[in-house]
Amino acid sequence: MSTTALPGKQRIDSIDLLRGFVMIIMALDHVRDFFHIAAVTGNPTDMNTTTPVLFFTRWITHFCAPVFVFLTGTGAFLAGRKMSKRELSAFLFKRGLWLIAIELVIMNFIFSFNPHYSIVAVQVIWVIGWSLVILSVLHWLPLRVLLIIGLVLVLGHNLLDRFDAQPGHQVLWWAFLHQQFFDIVSPDHTIFVLYPLIPWPGILLLGYCMGSLFTKEFDPVKRRKWLLKGGMLITLAFFVLRWINIYGDAAVWTTQRNGVYTVLSFFNVTKYPPSLLFLCMTLGPALIALWALETAKGKWKNFVVVYGRVPMFYYLIHFFLIHFICMIIFFSNGHTLTEGAKGFFWFRPDDFGYSLGGVYLIWAALVLSLYPLCKRYSEYKASHTQWWLSYL
């Protein structure tokens with residue numbers, strides 16, 4: 001097992017590298033949200049209006065949330081190896097509540113810059129928080145039972161699609177569980193459920209179970225074999241189930257105006273909530289990547305791994321910086337506070353933005369500019385043991 005020894009701590013490089021890749025790619029989607037000319041008025045997965053490059057720009061970022069949640073479960077298992085069951089329960093419960101608070105208070109402000117919190121969105125940090133709270137109770141169960149629960153949630157949750165309500169007829173509790181939607185709770189406040197809870201706890205549970213493959217006692221040759229076979233089987237399952245077009249995603253693929261767009265339709269699976277096919281499409285290649293990254297070599301590893309070691313720190317900083325830069329450009333163009341204080345993203349007009357080329361340039365500049373800060377914090381975190389470091 002490839003590890004890099006840092007002062008006082010050890011990390012598993014393959015896990016940190018994969019997490020680092022998804023953190024870097026994740027920033028592309030957020031930069032697109034704020035800086036692409038059609039981000040507010042268009043949909044990159046709409047077959048009638050998208051282009052192959054725009055579709056790919058959105059599609060590649062689909063890997064980020066499921067892989068990050070999956071690896072959060074793996075990290076929870078490895079952290080639990082150094083704690084008693086009771087200590088792990090307390091840690092997971094407190095960390096889960098902390099993440100929920102971050103989502104509601106910090107991320108909603110960074111996302112909107114609206115001090116009135118007129119729109120409260122619950123997103124990926126929210127579901128990770130609740131998933132950790134659930135794991136704080138379930139981790140007492142045998143690993144095989146957790147594996148079964150995780151598989152049931154991931155494989156079977158699309159059966160709940162039949163209970164989804166039509167727009168305007170949905171209750172809030174069902175939205176939190178399974179169906180994305182807006183709900184106006186008062187004249188001045190709206191709740192946006194972007195990430196319904198199911199099946200995210202199942203993904204985290206499966207990642208938790210996979211953590212057992214990364215213990216010192218487990219044969220690394222056997223682990224790599226399992227990762228490769230598992231990744232290939234899950235990826236193959238995606239192609240087979242998607243081709244059959246019967247189960248696994250509420251949105252079926254259809255023949256489009258040419259072969260390229262038919263292929264795009266094939267890969268255009270549902271993220272909110274993540275369908276079985278969405279998870280097969282992303283987690284299958286993720287396992288293959290873990291297999292490959294265990295033996296990866298090159299100086300590039302030293303760059304990517306930094307982002308994977310400080311994911312929450314990077315997540316908060318990069319999102320704030322994106323919105324802050326957008327606000328600076330907004331005011332530099334002569335706009336006023338009154339003009340900017342409206343909509344979901346304050347200081348981001350619907351007609352503002354650049355081409356995809358500009359988006360990619362801003363993304364690259366953002367990631368590179370954050371490297372020194374992330375590296376310094378990574379080194380500090382590796383050589384210090386303050387309690388708050390495990391929460392950021």
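# Burial, pairing and salt bridges

Me: Which helices are included in what covers the buried residues of α2?

Reply: In this predicted model, helix α2 spans residues 52-59, and Leu54, Phe55, Thr57, Arg58 and Trp59 are buried there. Buried means under 20% relative accessible area, exposed over 50%, and partly exposed in between, with a 1.4 Å probe and protein chains only; helices (H or I, at least four residues) and strands (E, at least two) are DSSP runs numbered from the N terminus. A contact is a pair of heavy atoms within 4.5 Å. The cover over the buried residues of α2 includes α1 (13-35), α10 (259-267), α11 (276-293) and α15.

Me: What pLDDT do local features need in this predicted model?

Reply: Residues are numbered from 1 along each chain as its sequence is written, and side-chain values use heavy atoms, with hydrogens and water left out. The model is predicted: totals for chains, interfaces and linings use all residues, side-chain atom pairs count only at pLDDT 80 or more, and local features need pLDDT of at least 70.

Me: Is Val367 buried or exposed?

Reply: Val367 sits in helix α15, residues 356-383. Beyond residues up to four places away in sequence, Val367 touches Ile24, Ala27, Phe303, Tyr307 and Tyr314. Because its relative accessible area is 5%, Val367 is classed as buried.

Me: Is Arg376 buried or exposed?

Reply: Arg376 also belongs to helix α15. The C-alpha atoms of Arg376 and Val306 are 9.2 Å apart, while 70 residues separate the two in sequence. With a relative accessible area of 67%, Arg376 is therefore exposed.

Me: Which strands stand at the edges of the sheet?

Reply: The open sheet has 3 strands in the order β3-β5-β4, with mixed pairing; two strands pair if DSSP finds at least two bridges between them. A single partner strand for each of two strands leaves one side of each without a neighbour in the sheet, so the strands at the edges are β3 (119-122) and β4 (181-186).

Me: By how many degrees are neighbouring strands of this sheet turned against each other on average?

Reply: Axes are lines fitted to C-alpha atoms, for helices over the stretch in contact, and angles run from 0 to 180 degrees between N-to-C directions. For neighbouring strands of this sheet, with direction ignored, the average turn is 20°.

Me: In which sense, parallel or antiparallel, do β4 and β5 pair?

Reply: Strands of a sheet pair through backbone hydrogen bonds, either parallel or antiparallel. On one side, β3 and β5 (residues 189-193) run parallel and are joined by 4 bridges, with Val120 opposite Ile191 and Ile119 partnered by Thr190. On the other, a hairpin through 2 residues joins β4 to β5, and Phe181 stands opposite Val193. The 5 bridges between β4 and β5 are of the antiparallel sense.

Me: How many residues apart in sequence are the parts tied together by Arg309 and Asp16?

Reply: A salt bridge is a side-chain nitrogen of Lys or Arg within 4 Å of a carboxyl oxygen of Asp or Glu, and the structure holds 9 of them. Within helix α1, Arg19 and Asp16 lie 3 residues apart, about one turn, and their closest N and O atoms are 2.9 Å apart in a salt bridge. Asp16 also forms a salt bridge with Arg309, at 3.4 Å between the closest N and O atoms. Arg309 lies in helix α12 (residues 300-309) and Asp16 in helix α1, so the parts tied together are separated in sequence by 293 residues.

Me: Which residues are linked in a network of salt bridges with Asp16?

Reply: Asp16 is buried at a relative accessible area of 2%, and Arg309 is buried at 9%. Arg19 is buried as well. Linked with Asp16 in the network are Asp13, Arg19 and Arg309.
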